[in-house]
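Here are some friendly notes to read alongside the structure. Take them in order, and keep the viewer open as you go.

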Amino acid sequence: MPEESFNERLKKQLNQILQGLGDSKKVKTVKTTDTIAHLTGLMRCFNIRTVPVLDTRTGKLVGVVSLVDVVKVLTPGNTKLPIEYLSEKSFDMTQLHDANKEMGKKTVGEVFNFDLKPAFIVWTEVLEEAIKKLIRRDENNRRNRTLVILDAGDRVVGTLSYVDVLRIIRNGTSIEGFLNGRTANDVLTAKVVTLTQTEYLEDAMHTFEGGLFTHIPITAVKDGNIVIGIVDDVAVATLEHQLLFEDLCYYPLGQMMTKISDKNTVKPECSIKTLIGKFVDGHERPTAILVGDYEGEQFTMTGIISYVDIFKKLLEFIDGLINEQPGNN
């Protein structure tokens with residue numbers, strides 16, 4: 001049999017592509033009556049960042065909880081928490097421990113608001129539509145990184161994240177011209193919102209407000225293109241905890257950023273296939289990668305690439321291949 005082209009795969013239903021849909025052992029969900037401690041334990045043990053929430057009585061999908069949602073109410077004691085800085089502010093860490101302990105006892109339904117319609121897709125819809133849903137903003141102006149997959153009876157049978165789709169793309173056939181023939185320079189967004197190392201946590205909070213960005217490059221000076229680090233929405237949300245904000249609102253971004261490294265940057269000539277590896281192969285699972293070049297230890301940024309940029313350019317590439325076929329001109 002001839003090898004399936006990627007365009008053919010785009011037209012296939014999700015339940016024909018994704019293995020294990022409907023397997024109760026693979027689908028990780030929580031009920032509205034489960035505790036926050038149970039939710040965070042599930043996310044930690046299975047290394048998942050998005051969990052569908054089911055109504056305890058009906059078993060139907062009522063919402064989705066992401067890692068960003070969780071860290072706003074339950075700040076983990078990890079490297080994102082500036083212990084030394086808080087000590088200088090005479091912050092009593094025991095109150096955070098006690099608050100987290102009490103929060104862990106509350107139920108998911110008590111803590112999170114599920115008035116907004118969760119992002120989902122039915123398993124008989126095709127891969128192309130799933131990609132388009134991950135590109136588009138929903139009716140609440142949110143861009144969803146993960147879609148919950150439902151069967152014909154509205155039962156949760158799985159999830160599909162941007163990382164899952166990127167892996168499918170990287171393994172695609174008939175798109176070598178995209179994966180190996182196109183570069184980071186072909187898909188980057190050149191106009192980038194940045195903040196400086198001397199600006200504060202509250203500045204990053206306002207920039208992230210509305211969900212327009214997931215990463216903010218941190219520059220050495222205002223309006224410069226020498227980037228020294230990057231701040232993501234999870235790091236900022238971690239420090240938005242109501243017990244922490246007053247002590248951390250003027251926390252300099254230069255102290256909380258992740259420094260520029262090979263993990264979060266690529267050169268303009270980097271192939272799309274190698275670029276995708278930056279998104280999916282590590283534990284960090286970023287939603288954006290910086291593009292630029294080094295001169296010594298200085299990194300000069302020329303743009304930024306999100307998974308959405310890759311999805312958009314891929315669909316344009318596929319359309320181009322179709323239009324080039326005889327009879328389509």
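1. A term first: rings of Phe, Tyr and Trp (its six-membered ring) count as a pair if their centres lie within 6.5 Å. Please also keep in mind that this is a predicted model. With that definition, a search of the whole structure turns up six aromatic pairs.

2. How are the rings of Y162 and Y307 arranged? Their centres are 4.4 Å apart and their planes meet at 20°; planes under 30 degrees apart count as stacked, so this pair is stacked. The pair joins distant parts of the chain, with Y162 in helix α9 and Y307 in helix α17, 145 residues apart. Y162 and Y307 are each buried.

3. Y307 has another ring partner, F311. Here the centres are 5.7 Å apart and the planes stand at 65°, so the pair is edge-to-face. Both residues belong to helix α17, where they are four residues apart, about one turn of the helix. Y307 and F311 are both buried. Through these ring pairs, Y162, Y307 and F311 are linked into a cluster.

4. Now for helix α9 itself, residues 162-170. Is it enclosed or open to the outside? Seven of its nine residues are buried, so the helix is largely enclosed by the rest of the structure. The buried ones are Y162, V163, V165, L166, I168, I169 and R170.

5. In soluble globular proteins, nonpolar side chains tend to be buried together. In this model, the largest nonpolar core has 47 residues, and those with the most contacts inside it are L166, I169, I175, L275, F279, I310 and F311. Which helix gives the most to this core? Helix α17 (residues 307-324) does, with eight residues. As for I169, if residues up to four places away in sequence are not counted, it touches F6, I175, L179, I276, F311 and L314.

6. There is also a second, separate core, made of 21 residues. Among its members are L81, L201, I216 and V231.

7. Next, have a look at the sheet. Three strands form an open sheet in the order β4-β5-β6, with mixed pairing. The edge strands, each pairing on one side only, are β4 (120-122) and β6 (156-161). From one strand to the next, the twist averages 30°. β4 pairs with β5 (residues 146-150) in the parallel sense, over three bridges. I121 stands opposite I149 in β5.

8. I226 is 43 residues from T183 along the chain, and their C-alpha atoms are separated by 22 Å.

9. K28 lies over the face of F46, at 4.1 Å from the ring centre. K133 lies over the face of F120, at 5.9 Å from the ring centre.

How values were computed:
Residues numbered from 1 in each chain as written. Predicted model: local features only at pLDDT ≥ 70, side-chain atom pairs only at ≥ 80, totals over all residues. Heavy atoms only, no water. Pairing = 2+ DSSP bridges. Helix = DSSP H or I, 4+ residues; strand = E, 2+ residues; numbered from the N terminus. Axes fitted to C-alpha atoms, helices over the stretch in contact; angles between N-to-C directions. Core = buried A, V, L, I, M, F, W, Y, C linked by side-chain atoms within 4.5 Å. Buried < 20%, exposed > 50% of the residue type's maximum accessible area, 1.4 Å probe, protein only. Contact = heavy atoms within 4.5 Å. Phe/Tyr/Trp six-rings, centres within 6.5 Å; stacked < 30°, edge-to-face > 60°. Lys NZ or Arg CZ within 6 Å of the ring centre and 35° of its normal.
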